[in-house]
Amino acid sequence: MTTNELRQLDKDHIWHPFTPMKLWLESDPLVITAADAMHLIDSDGNRYLDGVSSLWCNVHGHRVPEIDAAIRSQLDKVAHSTMLGLANEPASILAGRLMKIVPNGLTKVFFSDSGATSTEIAFKMAAQYWFNVGQPQKCEFVGFSDAYHGDTVGAMSIGRMPAFHQPYFPLLFKVHFAKNNQIDSLRQILKEHGSRIAAICIEPVVQGAGGMLIQPPGFLREVRKLADEYQVLLIADEVATGFGRTGRMFACEHEQVSPDLMCAAKGITGGYLPLAATFATQKIFDAFLGQPWEGKTFYHGHTYTGNPLACAAAIASLDLFEKNDLVRQVQIKSEKLAAMLEPLKNLKHVLDVRQKGFMVGIEVCENRSSRRLFDPKLRMGAQICQRIRKHGVILRPLGDVIVIMPPLAIGLEDLQKIVTAIKTEVAAIS
Ligand code: PLP
């Protein structure tokens, strides 16, 4: 089919995620038909660096021979079988492998298929844990301002972003919101409501979708301490930060923190197939053991839970992490990236540059000295990313924050190309 035919079919029938569809219908979207390592290739054969790793999930690049081969080999065995009542080979092997890399104390994994399902599952596990141990009054949650945990109802309740979620506010359950990065705000909530609180949920170290907001050193450790003091579970949402993204396998490691429940998705399969994981401690798991009639069972599941193809991809991805010493490589390359970003800080339209590993947010504004922001109607972040396409780079902003979230295996030359494209286009704003 021609590019125009494909575009037309899209415009006729597809409703895109997080997309103002009126603008989409007036645009000429790129149609991706292939990929090669760090590049996406469109239907006209143009190549673009995948600067946001296909929405923060690609790790080793595209069409990685080892992951392709693992999926093909699994295809010759079985593509899907249910985990409701059956075990499967790749899920068992993957679970064993994951236990070797997750923070201490996490011993069980519940598989699902997206970031939002992994957080929803953690919230339900936390509430039912307290129910099962005879404290059903502990059923409320603490979240943080500017946090994002996905788009299902529980995830929107605890990670409430007015810009995205306002129409659904009447549907959402009550949550206590601490101010991000302000430990006293959390302490106050726990002082007043601790006896009713099931869990605190946090994006550890970096709040991604909120604009790459980086927590001060020691913050997560303080949160852990307060959770212990008030007997509240700690849920770490590592959906964005997990699998090497911040320069540690999991961001919790920066602060030597072990959560009670941990959510992961995105990079778990190297960015190949939908898979997510909610990890739990033995103590939490044990509270769900009992005879079926005791009502302790976790009645939750998804059709594609623990899908064998996705698990096979995840195992191959973990092999590559080891073979390429990838987490260490991210540490080394992110220092170089920090140096590349330095000149951006002098631009008139750059308000702030935030970076942790391979999570970067460059906040643009109308005038740095007066700290005046652009009129949101200009959609300046989106405009800049659109202009950056002519440099052969695909980026997607968060409002007026330009995001760099490349595949972890990206080389320095490609990183420099992304930064130069941003610098050129931000400097060109009149
Ligand atoms: N949690 C965090 C921290 C995220 O950044 C995201 C997605 O960006 C999610 C949850 C939701 O993941 P998904 O889009 O796979 O449902």
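In what sense of crossing, left-handed or right-handed, does H14 pass H15? H14 passes H15 in a right-handed crossing; a crossing is right-handed if the near helix is turned clockwise from the far one by less than a right angle, and left-handed if anticlockwise. The model is predicted, local features need pLDDT of at least 70, side-chain atom pairs count only at pLDDT 80 or more, and totals for chains, interfaces and linings use all residues. Residues are numbered from 1 along each chain as its sequence is written, and side-chain values use heavy atoms, with hydrogens and water left out.

Helices (H or I, at least four residues) and strands (E, at least two) are DSSP runs, numbered from the N terminus. Helix H14 covers residues 380–388 and helix H15 residues 412–427; they pack at an angle of about 120°, with their axes 9 Å apart. Axes are lines fitted to C-alpha atoms, for helices over the stretch in contact, and angles run from 0 to 180 degrees between N-to-C directions. H14 and H15 are therefore oblique to each other, given that angles under 35 degrees count as roughly parallel, over 145 as roughly antiparallel, 65 to 115 as roughly perpendicular and the rest as oblique. On the H14 side, Ile-384, Arg-387 and Ile-388 meet Ala-421, Ile-422, Glu-425 and Val-426 of H15, where contact means heavy atoms within 4.5 Å. The residues of this contact comprise five nonpolar, no polar and two charged; Ala, Val, Leu, Ile, Met, Phe, Trp, Tyr, Cys and Pro count as nonpolar, Asp, Glu, Lys and Arg as charged, and the others, Gly among them, as polar.

Cys-365 is buried, with a relative accessible area of 0%; buried means under 20% relative accessible area, exposed over 50%, and partly exposed in between (1.4 Å probe, protein chains only). The C-alpha atoms of Cys-365 and Val-426 are separated by 9.9 Å, although the two residues are 61 residues apart along the chain.

S14 itself is mostly covered, with six of its six residues buried. Met-359, Gly-361 and Glu-363 lie on one side and Val-360, Ile-362 and Val-364 on the other. Six bridges join S14 to strand S13 (residues 350–356), and the two run antiparallel; two strands pair if DSSP finds at least two bridges between them. S13 and S14 form a hairpin with two residues between them, and Gly-357 in the turn has a positive phi of about 60°. S14 also pairs with strand S16 (residues 401–404) in the antiparallel sense, over four bridges; Val-360 has Ile-404 as its bridge partner in S16.

Elsewhere, an open sheet of seven strands has the order S4-S12-S11-S10-S7-S5-S6, with mixed pairing. Its edge strands are S4 (106–112) and S6 (175–178), each pairing on one side only, and the twist averages 20° from one strand to the next. Helix H6 (residues 115–132) packs on the sheet, and its direction makes about 25° with that of S12. Helix H10 (residues 219–229) also packs on the sheet, touching S5, S7 and S10, and its direction makes about 175° with that of S7.

Trp-130 belongs to helix H6 and, at 7% relative accessibility, counts as buried. Not counting residues up to four places away in sequence, Trp-130 touches several residues, including Pro-136, Ile-197 and Leu-233.
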